[in-house]
Amino acid sequence: MAKIALKEARELAGLELNAVVKLGVIPATEVSGARIGATATTVYDVNGEPLFYRVPLQKRGGRPGFVDLAADEALGDSLLATTFGAAWNEAAIKEQARAEITKRRRSLVFDATRIVAFSFPKVAVQLLSRGQEVAMLEWGSWADVPPAAVSGRKAMEPGNFERWSMLGELPVSQRRANEQAFGARASVWKETIKGPAFRGLELVKIDPTKFPVERTMIKLVDNRELHYSTDDATHHPCYELIGQATNVWCVGASVQMVLRFWRYEYTQDRIAQALGLGTRTSPNGLPYSRVGDVVTQLEALTSNALDATMVTNPGFDLFRDEIRGNRPLISFIPGHSRTVAGYHSCLLHLPGQLPFKGLLVYDPWPPNVGTIHRYENFNTNTYQYAYHAHLTLV
Amino acid sequence: MELSDQVVKAAREALAGGIAGDKLVRARGRLRSPVALEHPNGGTHSWLVPVVVGRQLVGLVQIGLHLEFLRFTSFQRRLNSLEGTPPMAEWFSADRVRSLAAAMARPAELLGKPVLTYDQIPDRLVWRVEARAPSGEVRAILVAGDLAYEPGELAGTIGGLGP
């Protein structure tokens, strides 16, 4: 695993940030003149390795802000997030954590504190005694982060508010792909800054007036939602929300929504029966050991007219490509199932995330009603499984 | 700037940036004061900023503790339409929630004030109502939409309650 020194991380992030400001993605007034600070908070992975750096953006008279910079190439990108309107004050945060824990457990002894991404990108303050953790409190809520679960769950399938190791659970293939993407991007920048226009330029200072990359025309927004056909101009959006019939039948409702899109009329009770989800009076969820049943039933209930596929840890591109092909997906997040009927991808600045990628989610919750998330921030959720299907028989 | 103002500002930026809502919501939506979404373990998980058009609640902009946009949950059934949206007063009515919870209450149990939280995962918004028995025993009743139920464990399943 390749670690990145803070100096390199700051310079790469400075280049990326200058580029997006130059392109007008982030208003120049927001960050122009800001400098990526020299002092950083190292945010550790649950496994104890440095994961990313959180660095204040320094701008006299400007709104407070900070950036998150990868400390490990496995994260795939140098600039992870940019936040404006909130200050990052490591000392004050640690002090607040100390005060909170003292209120609750006066006798607790600890001699060190550090910041840990207990469920990336969520961070917590870890309190240690002689190098061993004695408590961990989530930043902001100050709720106690429970110890790591001992269950034999699969990698990258954390429960809600569960601590898990980003570096420890990232599949090897994904890690390699991320490291390659990181390396390729960094190489481009390293070659670029050899040019004479960059001579003498302070890379960690955001100054679009001096940044020598010519303005490039880029498409700022890319979005689509399911239509009656791929001809968006003349065909209407075409997807219907269905609420789950019990408080645990989110999978049944999700399968029903997808089948309904393909014009298969099944009741949710019938789908629940096929998936082994019990009855309305005695319902149950779908065990993780049977997640493959969704594929089996999407195909069986359509007499194999649909060819379904399950994807573990789906990326945004999978959702985007399927929606472009006018095909809905089922999305499992920890403990819940919904369907995806659209996406929205843009480079507009938003507090916390850059660039924004969102999904149009048809959520069967609450029961009998459902809701539509227009949009759900892809970067703040854990996507465990996705199911997509295409027609094989016409 | 007060925290609630910052939360509303973040919600407004999400709407203006086109990543929340549709044209109708962006043109006619008005933001109301943020409501805290309680963490089931205590404390605040995030903020929900109601968006209304007239008296109708068209959606909730969810903003994280660090002012990051999480999602916009819409009650609209159709793009640019108010069809299916509940009145704001009804969705946030403690009386309505308590009357739904009452169906699950045991004899002599007293129901407390509904609290907006979630059932194990933040996607599953619920009202939690505490039911207190004369013996002092307290249990929770959850209300989601028009359904009241007792909380269970997700227990290694998608949806909850393994077979």
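This is a predicted model: local features need pLDDT of at least 70, side-chain atom pairs count only at pLDDT 80 or more; totals for chains, interfaces and linings use all residues.
**View 1. The hairpin of strands S3 and S4 in chain B.** Strand S3 (residues 44-53) of chain B and S4(B) run antiparallel and are joined by eight bridges. In one of these pairings, Ser46(B) has Gly64(B) as its bridge partner in S4(B). The two strands form a hairpin with two residues between them, and in the turn Gly54(B) has a positive phi of about 65 degrees.

**View 2. Strand S4 of chain B and its pairing with S5.** Strand S4 (residues 56-64) of chain B is mostly covered, since eight of its nine residues are buried. S4(B) is also joined by five bridges to strand S5 (residues 69-74) of chain B, and these strands run antiparallel. Ile63(B) has Phe69(B) as its bridge partner in S5(B), while the hairpin that S4(B) and S5(B) form has four residues between them and includes Leu67(B), which has a positive phi of about 65 degrees, in its turn.

**View 3. Helix H1 of chain B and what covers it.** Helix H1 (residues 3-16) of chain B has 14 residues and reaches 20 Å from its first C-alpha to its last, close to the 20 Å expected at 1.5 Å a residue. Within H1(B), the residues Val7(B), Val8(B), Ala10(B), Ala11(B), Ala14(B) and Leu15(B) are buried. They lie on the same side of H1(B) because they cover an arc of only 155 degrees around the axis. The elements that cover these buried residues include helix H2 (23-28), strand S1 (30-31), S3, S4 and S5 of chain B.

Methods:
Residues are numbered from 1 along each chain as its sequence is written. Chains are lettered from A and ligands numbered from 1 in the order in which they are written. Side-chain values use heavy atoms; hydrogens and water are left out. Buried means under 20% relative accessible area, exposed over 50%, partly exposed in between (1.4 Å probe, protein chains only). Two strands pair if DSSP finds at least two bridges between them. The expected span of a helix is 1.5 Å times one less than its number of residues. The arc is that of the directions from the helix axis to the C-beta atoms. Contact means heavy atoms within 4.5 Å.
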